[in-house]
Amino acid sequence: MDTITLQEHLLELPLGQVAFFPVLGSTNTEGIRWAEEGVPKLSLVVADEQTTGRGRSDRIWQTPPGVALAFSLIIRPGQNMAISTSRLTGLGALAVCDVLQSVYKLPAKIKWPNDVLVRDSKLAGVLVETVWQGNEILSSVLGIGINVARNSVPSQEDLDFSATSVDAVLGSTVDRWMLLKEVLEAILTRLPQLDQDGFLEDWEANLAFRGKPVQILRDGAEPDQGQIQGLNHEGFLRLRLSNGEEKLVQSGDLKLRQVDRT
Ligand code: BT5
């Protein structure tokens, strides 16, 4: 797909500038550059292949050619940094869940803060990055990677959590560009609701492992163990610890894992 064809495919959506790259380091890096240059809001960077795709804390996100979706949308949210970054991460994950559930009838869930799972395997990840102008947020870059075809899934030795693809969980083949359009539509539908309680409720309702025992792992710190209660207003995880206290967990360089009850 070239840029013109992609633009035509997405014509009904109120996007800004749209570009398709056969190969790119990272759509988020390009998106940050675009945002710094002042592109119109809702501009979209799409890559067929990423050579330096990244996750949180500069982890590697693999996007081989021809089999996955990697894209970044430039958004101008409000100025509340904590709310915008965490809620936009929720927005990306929720939009992918919306589409997988409603269009493809898949039991998609959000592994807080930024992963989309189907049957406990990850098939999409979200990375939101912020572009500042002085003390103000100029833009946020909402990056989403989705494993579509079966061979988009990295080999297990490169992963610290089990992974899958849309085609694998569906048992049939999905049109990547149709899926892109559906996810963008879901993002655009939810975006005006970002500050509302209803958005938070929907995000919370789609959390994986809710009410189940989980661990929050951080390098160099004792893990927190407890039950997922839900989210607070800022999108922090509410965890009920074994002593009955509730702890708020802010997203960051952490890993959430279900505690094996066997
Ligand atoms: C994420 O980080 O899951 C966020 C991924 C965001 C990727 C998109 S693609 C478009 C945009 N441009 C970018 O450069 N990034 C965004 P995190 O939760 O930190 O997970 C990273 C971990 O996921 C890695 O350490 C691997 O273990 C695993 N991983 C890497 N590639 C994967 C894949 N294709 N499918 C499933 N897991 C993967």
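Modeller: Bear in mind that this is a predicted model.

Colleague: Why is Phe209 called buried?

Modeller: Phe209 has a relative accessibility of 8%. Buried means under 20%, so Phe209 is buried.

Colleague: What is the phi of Phe209, and where does the residue lie?

Modeller: Its phi is near 65 degrees, a positive value in a residue other than glycine. Phe209 is in the loop between helix H6 (197-205) and strand S8 (213-217).

Colleague: Why is Asp120 called partly exposed?

Modeller: The relative accessible area of Asp120 is 44%. Buried would require under 20% and exposed over 50%, so Asp120 counts as partly exposed. Asp120 also has a positive phi, about 65 degrees, although it is not a glycine. Its place is the loop between S5 and strand S6 (121-133).

Colleague: What joins Trp112 and Pro113, and what is omega there?

Modeller: The two are joined by a cis peptide bond, with omega about 5 degrees. Pro113 belongs to the loop between strand S4 (108-111) and strand S5 (115-118).

Colleague: Turning to the ligand, which residues are the closest to it?

Modeller: The closest are Ser26, Arg54, Arg59, Lys122 and Asn147, out of 29 residues that surround the ligand.

Colleague: Which elements give two or more residues to the shell around the ligand, and where does the ligand sit?

Modeller: The ligand sits in the largest pocket. Helix H2 (27-37), strand S3 (68-75), S6 and strand S7 (136-147) each give two or more residues to the shell.

Colleague: How many residues of each class does that shell have?

Modeller: There are 9 nonpolar, 13 polar and 7 charged residues in the shell.

Colleague: How far from a ligand oxygen are the atoms of Asp160 and Arg56?

Modeller: For Asp160, an N or O atom in the side chain is 3.3 Å from an oxygen atom of the ligand. For Arg56, a backbone N or O atom lies 3.0 Å from a ligand oxygen.

Colleague: How much of the ligand's accessible area does the protein cover?

Modeller: On its own the ligand has 800 Å² of accessible area, and the protein covers 96% of that.

Technical notes:
Residues are numbered from 1 along each chain as its sequence is written. This is a predicted model: local features need pLDDT of at least 70, side-chain atom pairs count only at pLDDT 80 or more; totals for chains, interfaces and linings use all residues. Side-chain values use heavy atoms; hydrogens and water are left out. Helices (H or I, at least four residues) and strands (E, at least two) are DSSP runs, numbered from the N terminus. Buried means under 20% relative accessible area, exposed over 50%, partly exposed in between (1.4 Å probe, protein chains only). A residue is near a molecule or strand if one of its heavy atoms lies within 4 Å of it. A polar contact is a pair of N or O atoms within 3.5 Å; within protein, one must be able to donate a hydrogen and the other to accept it, and residues adjacent in sequence count only if both atoms are side-chain atoms. Accessible areas come from the Shrake-Rupley method with a 1.4 Å probe; for residues, only the protein chains shown count as cover. On a 1 Å grid over the protein atoms alone, a cavity is a set of points where a 1.4 Å probe fits but cannot get out, and a pocket is an open set with protein on both sides within 12 Å along at least five of seven lines; lining residues have an atom within 4 Å of a point. A molecule sits in a cavity or pocket if more than half of its atoms lie within 2 Å of its grid points. Ala, Val, Leu, Ile, Met, Phe, Trp, Tyr, Cys and Pro count as nonpolar, Asp, Glu, Lys and Arg as charged, and the others, Gly among them, as polar.
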